[in-house]
Amino acid sequence: MSGGVDSAVAAARAKEAGHDVTGVHLALSRNPASYRTGARGCCTIEDANDARRAADVIGIPFYVWDLSERFHDDVVEDFMSEYAAGRTPNPCLRCNERIKFAAVLDRALALGFDAVATGHYATLREGADGLVELHRSVDAAKDQSYVLGVLTQEQLRHSLFPLGDTPKPQVRAEAAERGLLVADKPDSHDICFVADGDNAGWLREKLGDRAPNSGGAIVDESGEELGRHEGTYAFTIGQRRGLRLGRPAPDGRPRFVLDIEPVSGTVTVGPREHLAVDRLTGIRPRWAGAAPEGTLEGPDVAVQLRAHGGEHRARLTVVDGGVEIELVDPAYGIAPGQAAVVYDGSRVVGSATISATRRAAVGVR
Amino acid sequence: MSDRTVYLDHAATTPMVPAAIEAMTAELAQVGNASSLHASGRRARRVLEESRERIAQAMGCRPGEVVFTSGGTESDNLALKGVYWSRRAADPRRVRILSSAVEHHAVLDSLHWLADREGAEVELLPVDATGRLRVEALRETVEHDPGSVALISVMWANNEVGTLQPVTGEDGVDSVVAIAAAHGIPVHTDAVQAIGAVPVDFAASGADALSLTGHKVGGPIGVGALLCRRELEVTALVHGGGQERDIRSGTSATAAIAGFAAAVELAVKQQAEYAAAVGALRDRLVDGVLRAVPDAVLNGAPLQPAGPEDPTLRRLPGNAHLSFPGCEGDSLLMLLDAHGIECSTGAACSAGVPQASHVLLAMGQSEEEARSSLRFSLGHTTTEAEVDRLVEAIGPCVERARAAGLSR
């Protein structure tokens, strides 16, 4: 229970369904007081209190579990080192994979519980083969199956997502009916451990000397230097803002980050069309059910490449140690480190971490 | 599972005794501000002063030495800040405050605040493996420069592991009071856990200020007192009507104070019987738990005096503090809670985030050891049946908590 409206209603529904429910709030910050003023994330003292009050109203026991060390080691450190390596990670997937449906689930199972229920917008269905299937939520705008795309069958078997069949506005209304004071609490959007939402500033402070370079050149595709920067961690592929280039491009069109070279610190920029990619290599695949063999294709096969991005029709080939993904139409601004979650219709097939991208039609960039 | 709750957290708070409920409820129905001059005011004033006298009688002090507060935390704040400010005002060299590493947060956080904001030099003195202050370390620190010490504050009994501190002289030499008295340094002691559990006599103790609170002795929550000697200068913390000797302001909480006085009086009167009865139950608990979980470890001082050569009891009769190796204390607490058995990890909680106990760390335990412990504290309502319920449940719960591991 994060202290937000979704997990509160999820807990209430799980209890109403007849489960013996215990509320758990995860303490993820090693120093919760330091986030006291930035009540936007999910690890402030106020949020813990909101979660506790919700548990009171629902009528379930409530505890705070301190997973700050695990969270720091498995999520925050990974976030920093991925950025330092010029990649763009999604810490929410990582947290679901390593914390909520691993550390928390393991401890819960050992303590005698059967499952972890969360307020994620996704649905579980029993498949024909007896496997538990993960599907998109009915509320397409709130669907969170993407960040759950890392869950394996074993994890899904011990998961409950009581909100997947309900649109968000209805969840808020239900929270109000249930007398939960968090009914109109704003949604959290940013990365929970970056209190003010300033990723680059946070990384600059935390990475410090660990950054692989303290600065470098911003160049165009011909190699001509257009400006300087303070560290590659402030950039992500497809980024347009904050480049601080003194002079406009000769053609007057906006420039985007095309490539980040962390060792030399070189950031390459160019026009939007050069961001287009239609071949993705994915590593560390995680399958929701049985691992697919050979090639997966069809009118309903698609990948989603960001938490709030659209679907791209795709053809997926399982190769040794990973997957090769061919997009029917090119995608823009896809960065290594992002997760590609594979869908067959509304069903999540699995996910992989993008390690390389290229444009087949115009040759390798 | 039984539907009756087994309450083994009396050190957190203990149920009110009937005499206190009676005294308090009788007064709740009355009107009157003890500072008013009319008949209703005089009636309230009489209840207030009679309560003060009852507490003075029970605690071995003069009525004028009882300053009512909102509880132990306020008493500790008032004693530390009030005495520090007065002593420093009288001589600017007096900026050192000496205390122990195992104090309650009401003391520790006040001291940290004085260090951060008021230029105090705070020294927290070490304890031995049982949590008892190393008196020789205190002596050394004091004698290094006695003229710079503003005050010394050492608790009477530790709230987590129940260890009694050498505040007052057993042999007249090796005690906090004896060391301080040799240099005219005032001594404050937080005796919140000690009243009614062990003999505490303010005058005989030689301490200059002593904190106590209502709800640990069967009185209401929200009222307490600082006993302070007439001669002790204490700068006020809360200003206003000056109701309590100008040291503490605020309309006298007559009803709560009446309940508090009734509880203190009864607790002190019954102290010896209470200690014997609760001590026997505590021994039964420790014995049973150690039989159920043979590798559990009792923390703090031994249950009984060492022997004829050292007949001194060094532990609160109601305290059983145990470590369960391989368990996370929080997991165990949760599992026991699900069985209706209530206890404490004895640890400080900010945002409910469990921190390893500073007391156990000061006793030389590792973070992991410190996190594997639970405090069971018994009180005046504890029964054999309750103890046996715990003894029955603890084995399976420990087994399960061990499976969950020291997940961090």
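I call a residue buried if 20 or more other C-beta atoms lie within 10 Å of its own, exposed if 12 or fewer, and partly exposed in between, with C-beta atoms placed from the backbone. The model is predicted, so I use local features only at pLDDT of at least 70 and side-chain atom pairs only at pLDDT 80 or more, while totals for chains, interfaces and linings use all residues. Residues are numbered from 1 along each chain as its sequence is written, and chains are lettered from A and ligands numbered from 1 in the order in which they are written.

**Entry: A:Ala307**

I looked up A:Ala307. It is partly exposed because 16 other C-beta atoms lie within 10 Å. Its place is the loop between strand 13 (301-304) and strand 14 (311-319) of chain A. Helices (H or I, at least four residues) and strands (E, at least two) are DSSP runs, numbered from the N terminus. I then listed contacts (C-beta atoms, placed from the backbone, within 7 Å). Leaving out residues up to four places away in sequence, A:Ala307 touches A:Asn90, A:Cys92, A:Tyr146 and A:Val147.

**Entry: strands of chain A**

I checked pairing next (DSSP finds at least two bridges between two strands). Strand 10 (residues 266-270) of chain A runs parallel to strand 7 (residues 216-219) of chain A, with two bridges. Strand 9 (residues 256-261) of chain A is antiparallel to strand 10 of chain A, with five bridges. A:Thr268 has A:Val219 as a bridge partner, and A:Asp259 stands opposite A:Thr268. Strands 9 and 10 of chain A form a hairpin with four residues between them. In that turn, A:Gly265 has a positive phi of about 80°.

**Entry: nonpolar cores**

A nonpolar core is a set of buried Ala, Val, Leu, Ile, Met, Phe, Trp, Tyr and Cys residues joined through C-beta atoms within 7 Å. The largest has 94 residues, and B:Ile195, B:Leu227 and B:Val264 have the most contacts inside it. Helix 8 (residues 254-269) of chain B gives the largest share, twelve residues. I find that this core lies between domain 1 (6-15 + 271-404) and domain 2 (18-268) of chain B, because both give residues to it. The domain bounds come from an automatic or database domain assignment. A second, separate core has 90 residues, among them A:Ala51 and A:Tyr233.

**Entry: helix 13 of chain B**

I read helix 13 of chain B as residues 384-404. Its buried residues include B:Arg389, B:Leu390 and B:Cys397. Among the packing partners of its buried residues are helix 4 (91-110) of chain A and helix 9 (271-292) of chain B. B:Gly405 follows the helix, with a positive phi near 70°.

Technical notes:
Contact = placed C-beta atoms within 7 Å. Expected span 1.5 Å × (residues − 1).
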